[in-house]
Amino acid sequence: MDERGFLTIAFDQSFTGESGGEPRYVASPEINTEDFCAAVDFLSVQEDVDPERIGIIGICCWGGMAI
């Protein structure tokens, strides 16, 4: 996506991947929706980001939570 001119961010959802905390290996729609919102909030205040043109791609089960 970067090669096509998109600014991208990748992150681990809370309690998965390299992220710390307890519980582990939990997929929570409420918590993970907050994670997506936090990522969008972070991107929206970056100088080189148009907050009106932010999109999300969720992979696997995260796709449903991205919606």
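What is the accessible surface of the protein chain, and what percentage of it belongs to carbon and sulfur atoms? The accessible surface comes to about 5,300 Å², of which 54% belongs to carbon and sulfur atoms, with areas taken from the Shrake-Rupley method with a 1.4 Å probe, and with only the protein chains shown counting as cover for residues.

This is a predicted model, in which local features need pLDDT of at least 70 and side-chain atom pairs count only at pLDDT 80 or more, while totals for chains, interfaces and linings use all residues. Residues are numbered from 1 along each chain as its sequence is written, and side-chain values use heavy atoms, with hydrogens and water left out.

**The chain as a whole**

Taken along the principal axes, the C-alpha atoms of the protein chain fill a box of roughly 35 × 20 × 20 Å. The chain has two helices and zero strands, these being DSSP runs numbered from the N terminus (H or I over at least four residues for helices, E over at least two for strands). Of the 67 residues in the chain, 21% are buried, where buried means under 20% relative accessible area, exposed over 50%, and partly exposed in between, with a 1.4 Å probe and protein chains only. Contacts (heavy atoms within 4.5 Å) between residues at least 6 apart in sequence join residues at least 24 apart in 40% of cases.

Ser28 is buried because its relative accessible area is 12%, and, leaving aside residues up to four places away in sequence, Ser28 touches Thr33 and Met65. Arg4, in contrast, counts as exposed because its relative accessibility is 74%. The table gives a C-alpha distance for each of these residues.

| Pair | Separation in sequence | C-alpha to C-alpha distance |
|---|---|---|
| Ser28 and Ser14 | 14 residues | 8.9 Å |
| Arg4 and Cys37 | 33 residues | 24 Å |

**The largest pocket**

A pocket is an open set of points on a 1 Å grid over the protein atoms alone, where a 1.4 Å probe fits, with protein on both sides within 12 Å along at least five of seven lines, and its lining residues have an atom within 4 Å of a point. About 840 Å³ of space lies in the largest pocket. Of the 27 residues that line this pocket, Thr8, Ile9, Gly55, Ile56 and Ile57 are the closest to its centre. Helix α1 (residues 29-44) supplies four residues, the largest share of the lining. By class, the lining has 16 nonpolar, seven polar and four charged residues, where Ala, Val, Leu, Ile, Met, Phe, Trp, Tyr, Cys and Pro count as nonpolar, Asp, Glu, Lys and Arg as charged, and the others, Gly among them, as polar.

Definitions and conventions:
Points joined across faces, edges and corners; volume = space filled by probe spheres on them.
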